[in-house]
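Please read its points with the sequence and the structure at hand.

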Amino acid sequence: MKWFLILLFASVLLAGDGSRLVYTRSFPGSVPAFLQVALDKAGNTEYREAEDDELPIKFQLSATDTQAMFDLAVKLDYFKRPLESPLKVAFMGTKTFRYENGDQKSETKFNFSEDAAARDLQDWFERMAESAEHHIDLDRAAKYDRLGVVKALTLLESALARKRLVGLEQFLPTLDRIAKNESYMHTARARASEIAEAIRNPKP
């Protein structure tokens, strides 16, 4: 009974950890002009292209990847210090790192940072955003532009090869639907099947 209560208490604490990391990038004139990625300790991810977006793209980040990102946040003191570089560089959009945990909140904004941990964390978030954008493009093509499915799959495959995708399981439902539906071109079905196989059984 004692060990059961200890385990139960530990699970409650873990479930009650409401901490999350939020990344936003605002760059008028770019596509998209605004994006936001939020990640909580359980790996739950939400991607938005508008602050008032009530239907974000949701996917799951692995426990290992989630921990790596929170470890970077620790190195950055949970964004309690400036990250902006003193170098004069071109404007590349306003980025914001924010940490939230209940009433505790801290954030910092920057255009360009020389901090290695900040750049690593930004790359994580950008890859998450790219993954969500590929999710949107593939799903849209599968539903409304069947002639564009091969292009969407080609771009997805290229991003996968360049290791720009995370939360890969989010693509499987659409890939499987394309692979099994004979209304799509054979090329599209074959490529969707190949990509799904590469996700399920990655090469070492």
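Which residue takes a positive phi in the hairpin of strand 5 and strand 6? The answer is given in point 3, after an outline of the predicted model.

1. Overall description. This is a predicted model, and the protein it shows has 204 residues, of which 42% are buried. Its secondary structure comprises six helices and six strands. Read from the N terminus, the order of the elements is α-β-β-β-β-α-β-β-α-α-α-α. Along the principal axes, the C-alpha atoms fill a box of roughly 60 × 55 × 35 Å. The accessible surface amounts to about 12100 Å², and carbon and sulfur atoms account for 56% of that area. Among contacts with a separation of 6 or more, 58% are between residues 24 or more positions apart.

2. The nonpolar cores. The largest nonpolar core has 29 residues, and Met69, Phe97, Phe125 and Met128 touch the most other members. At least two residues of this core come from each of strand 1 (20-26), strand 2 (34-40), strand 4 (57-60), helix 2, strand 5 and helix 3 (116-144). Helix 3 makes the greatest contribution, namely nine residues. Apart from this core lies another, of 20 residues, which includes Ala152, Leu156, Leu175 and Tyr184. As a general point, nonpolar side chains in soluble globular proteins tend to be buried together. Met128 illustrates the contacts: leaving out residues up to four places away in sequence, Met128 touches Val37, Leu39, Thr45, Phe59, Leu61, Met69 and Val166.

3. The hairpin. Strand 5 and strand 6 (residues 104-110) run antiparallel and are joined by seven bridges. Two residues lie between the strands of this hairpin, and Gly102 is the residue with a positive phi, near 65°. Glu107 counts as partly exposed because its relative accessibility is 39%.

4. Salt bridges. How many salt bridges does a search of the whole structure find? The search finds 17. One of them links Glu46 and Arg48, whose closest N and O atoms are 3.0 Å apart.

5. Asp137 and Arg140 are both in helix 3, three residues apart, which is about one turn of the helix. Their side chains meet in a salt bridge with N to O at 3.4 Å. Arg140 is partly exposed, with a relative accessible area of 46%, and Asp137 is partly exposed at 40%. Elsewhere, salt bridges that share partners join Arg20, Arg98, Glu100, Glu107 and Lys109 into one network.

6. A histidine of helix 3. Is His134 buried or exposed? His134, which is found in helix 3, has a relative accessible area of 17% and so is buried. Not counting residues up to four places away in sequence, His134 touches Leu155, Leu156, Ala159, Leu165 and Phe171.

7. A nonpolar patch on the surface. Leu87, Val89 and Met92 form a nonpolar patch on the surface, and together they have about 240 Å² of accessible area. Met92 is situated in the loop between helix 2 (63-75) and strand 5 (94-101). With a relative accessibility of 37%, Met92 counts as partly exposed.

8. A glycine in a loop. Gly18 belongs to the loop between helix 1 (2-15) and strand 1. Its relative accessible area is 48%, so Gly18 is partly exposed. Setting aside neighbours within four places in sequence, Gly18 is in contact with Glu100 and Asn101. Glu84, by comparison, is 66 residues from Gly18 in sequence, and their C-alpha atoms are 28 Å apart in space.

Definitions and conventions. Residues numbered from 1 in each chain as written. Predicted model: local features only at pLDDT ≥ 70, side-chain atom pairs only at ≥ 80, totals over all residues. Heavy atoms only, no water. Patch = residues over 30% accessible without salt bridge, like charges linked within 9 Å, V, L, I, M, F, W, Y side chains within 5 Å. Areas by Shrake-Rupley, 256 points an atom, 1.4 Å probe, with all protein chains shown as cover. Salt bridge = Lys/Arg side-chain N within 4 Å of Asp/Glu carboxyl O. Helix = DSSP H or I, 4+ residues; strand = E, 2+ residues; numbered from the N terminus. Buried < 20%, exposed > 50% of the residue type's maximum accessible area, 1.4 Å probe, protein only. Core = buried A, V, L, I, M, F, W, Y, C linked by side-chain atoms within 4.5 Å. Contact = heavy atoms within 4.5 Å. Pairing = 2+ DSSP bridges.
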